[in-house]
Amino acid sequence: MSSLRNAIPRKAYKERAQPHLRRKFGLLEKHKDYVIRARAYHQKEPTLMKLKEKAALRNPDEFYFKMIKTKTVGGVHKPESHANKYSNEELMLMKTQDIGYILQKLQTEKKKIERLNGMLHSLDNQSSSKHVYYAGNREEAREVRKKVSQQGNPSAFKDLPKVILRKTDSSYRELEARKKQLKDLEKIYTDMSMQKELHKRGKKRKLREDEMVSPTSRSVYKWRQERKR
């Protein structure tokens, strides 16, 4: 019956469009659109009631310092700027902590790369040859040994199962990704160390390209030599 019902042509119902005189108001709102709007309105009602009650019971003599430290620009509340909230010593301490965290991640990545390299290297060097050669005498044994040494060991991956091969490929991909992440961490660590040194006291200036011994794309600074007391 369901197939027959689908075979009979049926009338295609079309949604009513916005009348021509009301096109300036946009698309005609459907019932499902009204349901979404009504639910959103009723969800906001308790919050609006609490805010109205709080505004009605507000103490007109109430005062706190944010009333004079903040302002409203174009009807939008602008909070107080915290650009100079921390002193230079506090900023230096936070930068040191950040550099320590980056250094810890850097060392962790190096250890993981070394472990992956060792695992894959041992797998590459593992011989999968299990052939047994028989010789009638010593001369024949020497000839067989010579031929095997000339042919070399067959590839370690030739006789491995497909599951092991897939895991090996994923390990190589992980190794490449970790090497890339290590380079990014080293760059971040170098930049952060440079920023930390620039915040320290002492006169310094940025070198020009003709003053550099080995020109590089990065900025190079030179500190003025000071006599230590």
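Which residues is Thr70 in contact with, leaving aside its neighbours within four places in sequence? The views below come from a predicted model.

**View 1. Thr70 and its contacts.** Beyond those sequence neighbours, Thr70 is in contact with His77, Lys78, Pro79 and Glu80. Thr70 sits in the loop between α3 (66-69) and β1 (71-73). Is Thr70 buried or exposed? Its relative accessible area is 16%. The cut-off for buried is under 20%, so Thr70 counts as buried.

**View 2. The aromatic pair of Phe63 and Phe65.** A search of the whole structure finds 1 aromatic pair. The ring centres of Phe63 and Phe65 lie 5.6 Å apart. Their planes meet at 70°. Planes over 60 degrees apart count as edge-to-face, so this pair is edge-to-face. Phe65 has a relative accessibility of 56%. Exposed means over 50%, so Phe65 counts as exposed.

**View 3. The largest nonpolar core.** This core has 7 residues in all. They are Leu106, Ile113, Leu116, Leu120, Leu175, Leu182 and Leu185. Two helices, α4 (88-124) and α6 (162-198), each supply at least two residues of the core. The largest share comes from α4, with 4 residues.

**View 4. Leu116 and its contacts.** Leu116 is one of the residues of the largest nonpolar core. Which residues does Leu116 touch, not counting those up to four places away in sequence? They are Ser171, Glu174, Leu175 and Arg178. Among them, Leu175 also belongs to the core.

Technical notes
Residues are numbered from 1 along each chain as its sequence is written. This is a predicted model: local features need pLDDT of at least 70, side-chain atom pairs count only at pLDDT 80 or more; totals for chains, interfaces and linings use all residues. Side-chain values use heavy atoms; hydrogens and water are left out. Buried means under 20% relative accessible area, exposed over 50%, partly exposed in between (1.4 Å probe, protein chains only). Contact means heavy atoms within 4.5 Å. Rings of Phe, Tyr and Trp (its six-membered ring) pair if their centres lie within 6.5 Å; planes under 30 degrees apart count as stacked, over 60 as edge-to-face and the rest as tilted. A nonpolar core is a set of buried Ala, Val, Leu, Ile, Met, Phe, Trp, Tyr and Cys residues joined through side-chain atoms within 4.5 Å.
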